[in-house]
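Here are my notes on this model for someone opening it for the first time. Please read them with the structure in view.

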Amino acid sequence: QARTELSTEIDSHIFNQYIFAEQWALVRQRAKELNVRLVGDIPIFVAHDSSDVWSHRHLFKLDPTTGRQMVLSGVPPDYFSETGQLWGNPLYDWDACEKEGYAWWTLRFRRTLAQCDVIRIDHFRGFEAAWEVPAGEKTAINGTWVKGPGAKVFRAVDKVLGGEVPIIAEDLGLITPEVNALRDELGYPGMKVLQFAWAGGPKGSYGAGSDHLPHNLTTQRSVLYTGTHDSDTVRGWAENASPSERRAVRKYLGRSKPHDDSAPGGKRKRTTRSALKASSETTTKVEEEDQALDVVESASWDFIRLAYASISDMAIIQLQDPLDLGGDARMNLPGTTDGNWSWRVEGSLVTDEVAERLRDLAELYGR
């Protein structure tokens, strides 16, 4: 009945997917000719009204009679949200998935690898444990951590596909030692994001121990991003960052404040203790008033350089960053539904000068 009544809409989707498949095949072919690898994405969860859930209901925690969700996906309350995030996706019945040898997951990976070369796993931590919230809850507060399949699903996929699938583990957010252990057991690179590096101390201050700072990277098996599709462009970030974050960037780069009239190495007069105290208080006040707006103009290329110069095997930058575009070129704002994924690059912006600058950095740091 549905196929008959909705035949026009169904045919429309089929046609659009056909056209996309043809066009994407040309993109992949050209990328291979240029020795360019494409990174795709597999989100751990799918939508309740998706074709996946409709055709594989037994693999999800649904009411067997009505097909309605019994639990909802999300993340618990944290520093950013007092009520957590209630995403609302169905959760997996991992026992049922295992009984089928993770065949559905293997199909997902196989299909994604037909469209790209490397797969980024969104919310990788959910394979170690996922936050389950009872259906009907309005927030994510009353949830519980439920163990996932761990490495078993990935081992099963590798076995069927005949080798290790090239994967990037999105390991941002609330990450436990168990999640890190799972990532390392599988040998997957994790993610670091430079935009997250400058407020890792108390009350949003700079913290030298942030694991997103390049000097804290402990392994080449990592991917360092200037920013992601869920964050602002680097210039947009710098424009909206706190003055303390911008000052931290400037200091990290070893730059002096603009119009700094001090003369390093010059002779200094001996001063009294009281004079030193007064000078220190004045300096502190001046620093607090320093907005460090000069950082905005150079942040995009500064972050690109930091990423390229890092020990990470892979450095990924948003195209908006070498083009030095602001927040109006942002790709996605999490938690919102309007105005996302609409940015398109204008060919005139991708100039030979931009390409040469990127090539110079790539050659300089062996990228």
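1. Burial and overall make-up. This is a predicted model. The protein chain has 367 residues, and 39% of them count as buried. It holds 12 helices and 10 strands. Along its principal axes, the C-alpha trace spans about 90 × 50 × 40 Å.

2. Contacts along the chain. Take the contacts between residues at least 6 apart in sequence. Of these, 69% join residues at least 24 apart.

3. Surface and charge. The accessible surface comes to about 22,200 Å². Carbon and sulfur atoms account for 52% of that surface. The protein chain carries 43 positive and 53 negative side chains. The centres of these two sets lie 6 Å apart.

4. The open sheet. Four strands build it, in the order S3-S2-S5-S6, with antiparallel pairing. Which strands stand at the edges? They are S3 (85-86) and S6 (144-147). Each has a single partner strand, so one side of each is left without a neighbour in the sheet.

5. The S5-S6 pairing. Strand S5 covers residues 129-134. S5 pairs with S6 over four bridges, in the antiparallel sense.

6. The largest nonpolar core. It contains 38 residues. Those touching the most other members are Tyr92, Trp105, Phe109, Phe124, Phe127 and Phe154. Several elements give two or more residues to this core, including helix H4 (94-99), helix H5 (103-113), strand S4 (118-122) and helix H7 (177-186). Helix H6 (152-161) and strand S7 (167-169) are also on that list. Which element gives the most? H6 does, with four residues.

7. Another core, of 19 residues, lies apart from the largest one. Trp198, Leu213, Ala248 and Leu306 are among its members.

8. A closer look at Phe127. Set aside neighbours within four places in sequence. Phe127 is then in contact with Ile44, Trp94, Trp105, Ile121, Gly148, Pro149, Gly150, Val153, Phe154 and Leu182. Two of these partners, Trp105 and Phe154, are also named among the core residues that touch the most other members.

9. Arg28. This residue is found in helix H2, which runs over residues 7-33. Is Arg28 buried or exposed? Its relative accessible area is 11%, so Arg28 counts as buried, the cut-off being under 20%. Not counting residues up to four places away in sequence, Arg28 touches Leu38, Leu113, Ala114, Gln115, Cys116 and Asp117.

Terms used
Residues are numbered from 1 along each chain as its sequence is written. This is a predicted model: local features need pLDDT of at least 70, side-chain atom pairs count only at pLDDT 80 or more; totals for chains, interfaces and linings use all residues. Side-chain values use heavy atoms; hydrogens and water are left out. Buried means under 20% relative accessible area, exposed over 50%, partly exposed in between (1.4 Å probe, protein chains only). Contact means heavy atoms within 4.5 Å. Accessible areas come from the Shrake-Rupley method with a 1.4 Å probe; for residues, only the protein chains shown count as cover. Lys and Arg count as positive and Asp and Glu as negative; His and the chain ends are not counted. The place of a charge is taken as NZ of Lys, CZ of Arg, CG of Asp or CD of Glu. Two strands pair if DSSP finds at least two bridges between them. A nonpolar core is a set of buried Ala, Val, Leu, Ile, Met, Phe, Trp, Tyr and Cys residues joined through side-chain atoms within 4.5 Å.
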